[in-house]
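This report describes selected elements of secondary structure and the way they pack in a predicted model. The sequence and structure are shown first.

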Amino acid sequence: MIISINQGVTRMPEWRMAQPVDFSLLDGEHIAIVGGNASGKSMFVDIITSAHPLLMKDVEYDFSPKTSRLASDNIKYITFRDSYGGDSDRNYYLQQRWNQHDIDENTPTVEKLLEETYQITGPDTEERRAIKEHLYDIFNLRYLLDKYIILLSSGELRKFQLAKTLMGDPRVLIMDNPFIGLDKETRQQLRELLEQISKERALQIILVLAKDEDIPHFITHVVEVKDMVVKPKLTREEYISIKYKVESVKGKEKEPLSQELKDIILNLPYSDNEYHTNEVVRMNNVSIRYGERTILKDLNWTVKNGERWALKGQNGAGKSTLLSLVCADNPQSYACDIVLFDHKRGSGETIWDIKKHIGYVSPEMHRAYNRDMPAIRIVASGLKDSVGLYVKPSEKDYEICRTWMKIFGIEDLAEKTFLKLSSGEQRMILLARAFVKDPELLILDEPLHGLDCERGEKVKEIIDTFCARQNKTLIMVTHYEENLPRCITDHIYLKKNV
């Protein structure tokens, strides 16, 4: 038995599971911890890793054949919350990824950080070098080695984090939502890699997942966490069989979004700033380069009023860069032939003239929100296009915020502070922020990141209802075809420049 928890109760009453926890991880088992947003999955992992100390009893570990008995040496836990980690996050601001001149020359590259990890996690042997090279190949990291860590896309960052962690050869590897942000090909590569290393090494794998569909075939057992209760461990087959029966009985009896909430969206008054231009975005032969690296090359793209676009492409193909041009976050847009809302970039308009027409959410935005302020103030910042809130909202503004929080089903989070919320709850807050000013153009970059199925379906229904109104345009990025709302009318696929 590698990990054993018997009637575990945490010491902190304000941060406690609803029932004592019983859990064991046996040799050869690979676990999926599943459950909805804010169900208690992260707290359960903290108990497993001893980050949440227990009353009376400690978690029991046996990491054989490893010599170290310390949990910190043998259990590696990585989360995927759109964070680069380290000192770079403290000084990060939303547009920094596109402003290379603002990046400190001491900022590490991918190669430097990986090499440092390789050197401190073990001896320099032929076997370890082979493992390192294999990780470079499987995650297609070689073309990223000279890249500043702060410039990685969301998907590229996940590949880097996984490679860095696997280099340490842990006994137990816990990964929180490892598949989000990865394109279909890389998701499959990751599943195959995890299955391979689970067979080749004395490694136990625990995946924390928001969706049952993400459970890989090599997983042997599933533990569901619901309403702060850790349920008994089931075999993968038992869990899927029970879940299938429950879903069959439940059927489609509950609509993701009530008619009352749909009517609120459909009956919103038109904004005073509403544009009725024919072309919302027009790009003519747009190219973007960073040093020797070409991100976009000779791109021609027109988005007309009322169209709903799905923006697709592999990790690193330039999707987020393209959106940064539309959102006026990228300084290279001034050198390009771009027209936004009838105005050619560089013709005297400010970025705020552009942003007032756009509702936006992205992994970069999620990362930029590192202030622990009440959730309703985060939503209200969408009215002022700011990261943070520097102008005090009026009571009318707060009423609008409360309406959108009700639509997204998060009105009870209004006074809770942002950093105390789960990652899924944070994403719902940022989505409400994107909609709060009733924008003409919605730009949603991976909006369903980390959301469970129920919340994901609700968000799709909100998008569909919002876009059913006149003069509403949508650009949405996702690597999951099933995450696209029904309203999508057009598709654009970016190919990676190599």
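## The covered strand β13

Strand β13, comprising residues 308–313, is mostly covered, with six of its six residues buried. The burial extends to both faces of β13: Arg 308, Ala 310 and Lys 312 are buried on one side, and Trp 309, Leu 311 and Gly 313 are buried on the other.

Two strands pair with β13. Strand β18 (residues 473–477) runs parallel to β13 and is joined to it by four bridges; within this pairing, Trp 309 stands opposite Ile 475 of β18. Leu 494 in β19 is the bridge partner of Gly 313.

## The five-stranded sheet

β13 belongs to an open sheet of five strands, whose order is β16-β17-β18-β13-β19 and whose pairing is parallel. The edges are formed by β16 (358–361) and β19, each of which pairs on one side only. On average, and with direction ignored, neighbouring strands of this sheet are turned by 15 degrees against each other.

Gly 359 has Leu 442 of β17 as its bridge partner.

## Helices across the sheet

Helix α14 (423–435) lies across β16 and β17 and runs at about 170 degrees to β16. Helix α15 (residues 453–467) lies across β13, β17 and β18, and its direction is at about 155 degrees to β18.

## Helix α12 and its cover

Helix α12 (residues 375–384) is mostly covered, seven of its ten residues being buried. The buried residues of α12 are Ala 375, Ile 376, Ile 378, Val 379, Ala 380, Ser 381 and Gly 382. Their cover includes α13 and α14. Just after α12, Asp 385 takes a positive phi of about 60 degrees.

The packing of α12 on α13 has an angle of about 110 degrees, and the two axes are 9 Å apart. Because an angle of 65 to 115 degrees counts as roughly perpendicular, α12 is placed in that class relative to α13. The crossing of these two helices is right-handed. From α12, the contact involves Ala 375, Ile 376, Arg 377, Val 379, Ala 380, Leu 383 and Lys 384; from α13, it involves Asp 397, Tyr 398, Cys 401, Arg 402 and Met 405. By class, the contact of α12 with α13 contains eight nonpolar and four charged residues, with no polar ones.

## Helix α8 against helix α13

Helix α13 (residues 395–407) also packs with helix α8 (residues 259–266), at an angle of about 140 degrees and with the axes 10 Å apart. This angle makes α8 oblique to α13. The crossing of α8 and α13 is left-handed, whereas that of α12 and α13 is right-handed.

On the α8 side, the contact residues are Glu 260, Leu 261, Ile 264 and Ile 265; they meet Thr 403, Trp 404, Lys 406 and Ile 407 of α13. Classified by residue type, the contact of α8 with α13 has five nonpolar, one polar and two charged residues.

## The pair α3 and α4

Helix α3 (residues 110–120) and helix α4 (residues 126–138) form another packed pair, with axes that come within 11 Å and cross at roughly 150 degrees. Since angles over 145 degrees count as roughly antiparallel, α3 and α4 are assigned to that class. Their crossing is right-handed.

Leu 114, Glu 115 and Tyr 118 of α3 make this contact with Arg 128, Arg 129, Lys 132 and Tyr 136 of α4. The contact of α3 with α4 has three nonpolar, no polar and four charged residues.

Conventions. Residues numbered from 1 in each chain as written. Predicted model: local features only at pLDDT ≥ 70, side-chain atom pairs only at ≥ 80, totals over all residues. Heavy atoms only, no water. Buried < 20%, exposed > 50% of the residue type's maximum accessible area, 1.4 Å probe, protein only. Pairing = 2+ DSSP bridges. Axes fitted to C-alpha atoms, helices over the stretch in contact; angles between N-to-C directions. Parallel < 35°, antiparallel > 145°, perpendicular 65-115°, else oblique. Left-handed = near helix turned anticlockwise from the far one by under 90°. Contact = heavy atoms within 4.5 Å. Nonpolar A, V, L, I, M, F, W, Y, C, P; charged D, E, K, R; others polar.
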